[in-house]
Amino acid sequence: MSQPLDVLGGISAEQFLAEYWQKKPLLVRNALPEIAGILEPDDVMELALEENITARLIKQKDRDPNQWSVKSSPLLKADFQKMPKLWTLLVQAVDHYSFDLAELWKKFSFIPQWRRDDIMVSYAPKGGSVGKHFDFYDVFLVQGHGHRRWQLGQMCDAETDFIAGQPLKLLPEMDVHFDEVLAPGDMLYVPPGLSHYGVAEDDCLTFSFGFRMPNVADMMDRVCDKFSENPALKNPLLDIIRDQQSAIGQLTQNELEYLKEKIFEQLQNSTVIEDAIVSLISEPKYPENIPDAEEIGTGDLEDALEQGYLLMLEPASRLLYTEQDDELLFWANGESICISEQFAPYLKKLADGQAIALDETLFDQDILEDIAELMNESVIMLLPSESES
Ligand code: SIN
Ligand code: CO
């Protein structure tokens, strides 16, 4: 972990995590040269029109560029007619459509997979932007085509005011302390809360490698779901021991304490809490991007052994595990999953982003059954080994 990384401009992951991550921006020239050419502007236009894709077309009025409009997917060809001079097309989760892009997540393997959100691409002509704004998440902005001028300003937070009456949360001003033009392969890390403003210098594609964190409200919601699924908790509680009378309209402190205690007792059940947290975190953000699998059986897998296939994670799926006292527990796409002990070390590798060869080492009925089940649920997939990039 301590070696210098090209993607971080020659600093180590440790140094980046200690000095920059969630704190301050980092510009790296030529950090990811391999991103250039993976997608061209026309590919982004085509993707934006595909079924199930999540995209937004942002336009600024020619007469008053401070007037913005946003059209969310589904986008139609007609949405691209009569375009103003300034516009931006944003397409989410392009890593689910391009294996080459999905592979580039590996450059950021110093951040765990569960923190990943998606790779968004923006396409804009000269002058196009999404305005001055900030995000609540960490993002690595990687230039893929053309050039974009990035300005960075003050730190913002939930109290920051936005310009009223616009469909985007735009900042009225930015106190600029960074002003650089990024070329293909260049990367800018922007921590949560830092205001930023990127304006296309020419026909320009920018890829945002975004990282997410859950919020407490969503975790609490999921914890409640898990408890309310338990029929044993639906029985009314016994009354407290009543050794004295109280005013008829009052719920006494004693009674409240008793009822609160019953909730706190349940919250001590860390298995349920952990299941709730990992279920939430393993939920895919774009479940519609998970392809329907072609039904496969263990016999098909036996036939495919030694034919040069690799098993890997389906890019739109999420697979996570926890490990405690040598016990591995797995969750995929929002649900806990049960697999054989034999398959667990292999599935751990797959969750860690490794591809594994479908060869005789996997020749075991339990393992093949687990593989078939996870393939049928599109959690993992088979790829001919020569097509791995
Ligand atoms: C863009 O690529 O234009 C916007 C990305 C961002 O600001 O997060
Ligand atoms: Co942003």
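Modeller: Of the 389 residues of the protein, 44% count as buried, that is, under 20% relative accessible area with a 1.4 Å probe and protein chains only. This is a predicted model, in which local features need pLDDT of at least 70, side-chain atom pairs count only at pLDDT 80 or more, and totals for chains, interfaces and linings use all residues. Residues are numbered from 1 along each chain as its sequence is written, chains are lettered from A and ligands numbered from 1 in the order in which they are written, and side-chain values use heavy atoms, with hydrogens and water left out.

Around ligand 1, with a heavy atom within 4 Å of it, are M120, S122, V130, H133, D135, L141, R148, W150, H196, T206 and S208. By class, this shell holds four nonpolar, five polar (Gly would count here) and two charged residues.

For S122 the distance is 2.7 Å, for H133 it is 2.9 Å, and for D135 it is 3.4 Å. The protein covers 97% of the 260 Å² of accessible area that ligand 1 has on its own, as computed by the Shrake-Rupley method with a 1.4 Å probe. Strand 5 (116-124), strand 7 (148-155) and strand 11 (204-211) each give two or more residues to the shell. They belong to a protein with nine helices and 17 strands, taken as DSSP runs (H or I, at least four residues; E, at least two) numbered from the N terminus.

Technical notes:
Polar contact = N/O pair within 3.5 Å; in protein donor to acceptor, adjacent residues only side chain to side chain. Buried < 20%, exposed > 50% of the residue type's maximum accessible area, 1.4 Å probe, protein only.
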